[in-house]
Amino acid sequence: ELDEMNNEVRNADERARRANDDSARLADELRSEQEHSQQIEKFRKSLESQVKDLQVRLEEAEAQALKGGKKMIAKLEQRVRELEGELDSEQRRHAETQKHMRKADRRLKEIAFQADEDRKNQETLNEMIEKLNNKLKTYKRQVEEAEEIAAINLAKYRKVQQELEDAEERADSAEGSLQKLRAKNRSSVSVTRTSYTTSTLE
């Protein structure tokens, strides 16, 4: 029984030692948990403070955003009105440009048509000029031929005129000779008559 009691005492001491160890370990764990809990509490309070600060900032940001948003909306509305005015002006300018383009297109077609007519007229004039040039060449050739014929005829005329003048000179010379011969004959007849009269009177 004494041994059993000693064993129980030893077991009790062992259990007490283990209990002390467990108690010390638990105390350490408790302190660690308390420290951890304190840290968590500090962290929680810090988070709560940050959350409150963020909420304040968020509210301020929302208020500022709302205020800025109204200003931005007003600016955007003003810009929209300006853009609408610019769009209206641009549409008017575009319509005017389209009008000018249509007029320019019509004018371009008129110019193209007139240019085509001018080209046709120019071709007709060129053909007429070519025909006139051909006629002019023909007339020039005919004039040259006529001038050649006239020159030949003039030479013939001058030759005939020269021959006529020569014939007239010969005729004049012959007539002079004839007159001299007639005068001589008359003189001979007169002498003969005188001689005959004298002979008769004797």
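Visitor: Thanks! Which residues gather in a patch of positive charge on the surface?
Guide: Those are Lys-99, Arg-102, Lys-103 and Arg-106. Keep in mind as we go that this is a predicted model.

Visitor: Noted. Where does Lys-103 sit?
Guide: Lys-103 is placed in helix H1.

Visitor: And why does Lys-103 count as partly exposed?
Guide: Its relative accessibility is 42%, and partly exposed covers values between the buried limit of 20% and the exposed limit of 50%.

Visitor: Which residues make a patch of negative charge?
Guide: On the surface, Glu-165, Glu-168, Glu-169, Asp-172 and Glu-175 gather into a negative patch. Glu-165 belongs to helix H1, which runs over residues 2–201. Glu-165 counts as partly exposed, with a relative accessibility of 35%.

Visitor: Let me step back to the overall fold. How many helices and strands does the chain have?
Guide: There is one helix, and there are zero strands.

Visitor: What share of the chain is buried?
Guide: Buried residues come to 0% of the 202 residues in the chain.

Visitor: Switching to salt bridges. How many turn up in the whole structure?
Guide: A search of the whole structure finds nine.

Visitor: Let's pick one. What is the partner of Glu-41 in its salt bridge?
Guide: Glu-41 pairs with Arg-44, and the closest N and O atoms are 2.1 Å apart. Both residues lie in helix H1, three residues apart, which is about one turn of the helix.

Visitor: How accessible are the two of them?
Guide: Glu-41 has a relative accessible area of 30%, so it is partly exposed. Arg-44 is partly exposed too, at 35% relative accessibility.

Visitor: What about Arg-79, which residue does it form a salt bridge with?
Guide: That would be Glu-86, with the closest N and O atoms 4.0 Å apart. Arg-79 is partly exposed at 39% relative accessibility, and Glu-86 is partly exposed with a relative accessible area of 43%.

Visitor: Now Asp-116. How far apart are the closest N and O atoms in its salt bridge with Arg-119?
Guide: For Asp-116 and Arg-119, they are 2.6 Å apart.

Visitor: Why are Asp-116 and Arg-119 separated by about one helical turn?
Guide: Because they are three residues apart in helix H1.

Visitor: Which residues are linked with them in a network of salt bridges?
Guide: Lys-120 and Glu-123 are linked with Asp-116 and Arg-119 in that network.

How values were computed: Residues are numbered from 1 along each chain as its sequence is written. This is a predicted model: local features need pLDDT of at least 70, side-chain atom pairs count only at pLDDT 80 or more; totals for chains, interfaces and linings use all residues. Side-chain values use heavy atoms; hydrogens and water are left out. Patches are made of residues with over 30% relative accessible area and no salt bridge: like charges are joined within 9 Å, nonpolar side chains (Val, Leu, Ile, Met, Phe, Trp, Tyr) within 5 Å. Accessible areas come from the Shrake-Rupley method with a 1.4 Å probe; for residues, only the protein chains shown count as cover. A salt bridge is a side-chain nitrogen of Lys or Arg within 4 Å of a carboxyl oxygen of Asp or Glu. Lys and Arg count as positive and Asp and Glu as negative; His and the chain ends are not counted. The place of a charge is taken as NZ of Lys, CZ of Arg, CG of Asp or CD of Glu. Helices (H or I, at least four residues) and strands (E, at least two) are DSSP runs, numbered from the N terminus. Buried means under 20% relative accessible area, exposed over 50%, partly exposed in between (1.4 Å probe, protein chains only).
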